[in-house]
Amino acid sequence: MSDDLEVARKYTSEIGEEDVGKQVLLYGWIHEIRDLGGVAFALLRDREGIIQLTCIKKRSPDIIKRLRKTRRESVVKVIGEVKKEPKAPGGYEILPDYFEVLNEADAPLPLDVAEKVPAELDTRLDARFLDLRRPRVQAIFRVRHQMLQSVRDFLSEEGFIEVNTPKIVSTATEGGTELFPISYFEKEAFLNQSPQLYKQVLMGAGLEKVFEIGPIFRAEEHNTIRHLNEAISIDIEQSFTDHEGVMRVLERLIRRVYEDIAENCTKYLEWLGVNIEIPELPFPRVTYDEAVEIVKNKGEEIAWGEDFSTPALKALSENIEGHYYIVDWPTEIKPFYAMPYEDQPEISKTFDLMAGSLELASGAQRVHLYDLLVKKIAEKGMNPESFEFYLNAFRYGMPPHAGWGLGADRLVMSILKLRNIREAVIFPRDRTRLTP
Ligand code: ATP
Ligand code: MG
């Protein structure tokens, strides 16, 4: 491979009117080959699209010979002349004058990249590197990239500081059994379920507004279309505000993500066949009590104080379109760090953000008062002593604060209307999948 400084390297999508009659350099994979004798057509695919290579025997007899022997999905380097061709995908074709196979692909392929043969999700995930070559699949991760970039841009513009907190920890965030134990030299440790405790300690550290985008680990036994054992969580924590304050940040963030995707990802949305609508603000707020009533009226069983079952959430989402908040949850079913209302301690300053029947985020104003926090940890049956590093931060000037955790994978799933969260994750981890 030489540098070919005299010929411009282009992505297939960059070929345009200005290139007609000129030589361009392309790298990519052989998507398909159609041999008609005197002429052979091949589709060259790179990460930005597909272009037709038209190889005419009379023009380049050696190249057509080499192309015919090239197996699908081999990676190639091509230099050739650009011609207008309305019948070719994208409206242009390349007449190759140089053709080099950089690495020949083995055959048969474990997965058909050209998608002539449909494949089950499991087969696709097993051969994920090939699955990802499919434009439709790659598009998901281009949109995901835009989402992550928008989140970073938006929160940074809002004055949030990006932090990274430990994922190997000594205590459970919320207790419970959803913990992965690991051996840490002579001690037992765990993979963190959430950055919750650390985010709050950072409020005690005076950082005021922080965010983290990082993995959370949950040893949930069940296999569902919206749970993974390793997920990416977008978390914020903000001082001198309450649950309403951080709900406003969250809904503006969601809107910004949609706006940026609509503006910058048209091509990828097209590959996916997905239309997105930018959500209107503010998102409707439904209290837990109202939601229970709606669910009951739809004939679903639920008692006050219970979490919503999947059928209950389905029933609820038939009544409320798009994004909405369920607010003011029973204190009992929310974590110990959620702040109860002063005048009605059985209700807490908590919220879940929903997209249809899918939970995207949970948040709350937090308990910032040391004595109340110790009491609430004990009430949940946990030992306050094992929370020493956390509780200490509340003794020496902890400001009032609030925050939320938003599932990045669920957000992608809901924006792109994917049926399964695994579609939104490059290498998902679930109850049975530990490779690739
Ligand atoms: P669910 O009730 O759907 O199991 P949760 O209430 O246990 O979720 P939280 O602890 O509130 O989850 O975590 C905040 C957000 O992180 C969730 O709203 C969700 O978007 C995401 N999340 C939590 N657990 C998982 C998981 N196992 N897989 C994927 N995303 C998750
Ligand atoms: Mg939740």
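V39 touches R34, T54, C55, I56 and I64, leaving aside residues up to four places away in sequence. This valine is part of strand β3, and it makes a handy starting point for a walk through what is a predicted model.

Let's step back to the whole chain. The domain assignment gives domain 1 as 8–103 and domain 2 as 131–284 + 320–424. Taken over C-alpha atoms, the centres of domain 1 and domain 2 are 46 Å apart. What do the two domains share in terms of contacts? On the domain 1 side 7 residues are in contact, and they meet 7 residues of domain 2.

The size of an interface is often given as the accessible area lost when the parts come together. Between domain 1 and domain 2 the buried area is about 570 Å², and carbon and sulfur atoms give 38% of that. In domain 1, the residues that lose the most area to domain 2 are R45, R47 and E48, which together make up 69% of what that side buries.

Charged pairs also span this interface: there are 3 salt bridges between domain 1 and domain 2. For the model overall, the count comes to 41 salt bridges. A pair worth a look on your screen is R142 with E48, whose side chains meet in a salt bridge at 2.9 Å, N to O. R142 belongs to helix α4 (residues 135–157), while E48 sits in the loop between β3 (39–46) and β4 (49–56). This pair links distant parts of the chain, 94 residues apart. E48 is also one of the domain 1 residues that lose the most area to domain 2.

**Backbone details in the loops**

Which peptide bond involving P108 is cis? The bond from A107 to P108 is, with omega near -5°. P108 lies in the loop between β6 (92–103) and α2 (121–126). A cis bond is also found from L281 to P282, where omega is near -10°. P282 is in the loop that runs between α7 (266–272) and β13 (285–287).

Although F185 is not a glycine, its phi is positive, at about 50°. The residue is placed in the loop between β9 (180–184) and β10 (187–191).

**Pockets and cavities**

Rolling a probe the size of a water molecule over the atoms shows where empty space is left. Begin with the second largest pocket, which holds about 730 Å³ of space. Its lining is made of 26 residues, and G322, H323, A355, G356 and S414 lie nearest the centre of this pocket. Helices α9 (310–319) and α12 (408–415) each supply at least two residues of that lining, and α12 gives the most, with 3 residues.

The largest cavity has about 50 Å³ of space. It is lined by 11 residues, of which V169, T171, L197, Y198 and F389 are the closest to its centre. Helix α5 (residues 196–204) gives the most to the lining of the largest cavity, with 3 residues.

The second largest cavity has about 30 Å³ of space. Its lining consists of E220, H222, N223, H227, L228, N229, D430 and R431.

The table below sets out the residue classes in each lining.

| Site | Volume | Lining residues by class |
|---|---|---|
| Second largest pocket | about 730 Å³ | 12 nonpolar, 7 polar, 7 charged |
| Largest cavity | about 50 Å³ | 5 nonpolar, 6 polar, no charged |
| Second largest cavity | about 30 Å³ | 1 nonpolar, 4 polar, 3 charged |

In the largest cavity the lining has no charged residues, whereas the lining of the second largest cavity includes 3 charged ones. The second largest pocket has 7 charged residues in its lining, along with 12 nonpolar and 7 polar.

Note on methods: Residues are numbered from 1 along each chain as its sequence is written. Chains are lettered from A and ligands numbered from 1 in the order in which they are written. This is a predicted model: local features need pLDDT of at least 70, side-chain atom pairs count only at pLDDT 80 or more; totals for chains, interfaces and linings use all residues. Side-chain values use heavy atoms; hydrogens and water are left out. On a 1 Å grid over the protein atoms alone, a cavity is a set of points where a 1.4 Å probe fits but cannot get out, and a pocket is an open set with protein on both sides within 12 Å along at least five of seven lines; lining residues have an atom within 4 Å of a point. Grid points are joined across faces, edges and corners, and a volume is the space filled by probe spheres set on the points. Helices (H or I, at least four residues) and strands (E, at least two) are DSSP runs, numbered from the N terminus. Ala, Val, Leu, Ile, Met, Phe, Trp, Tyr, Cys and Pro count as nonpolar, Asp, Glu, Lys and Arg as charged, and the others, Gly among them, as polar. Domain bounds come from an automatic or database domain assignment. Contact means heavy atoms within 4.5 Å. Buried area is the accessible area (1.4 Å probe) that two parts lose on being put together, summed over both. A salt bridge is a side-chain nitrogen of Lys or Arg within 4 Å of a carboxyl oxygen of Asp or Glu.
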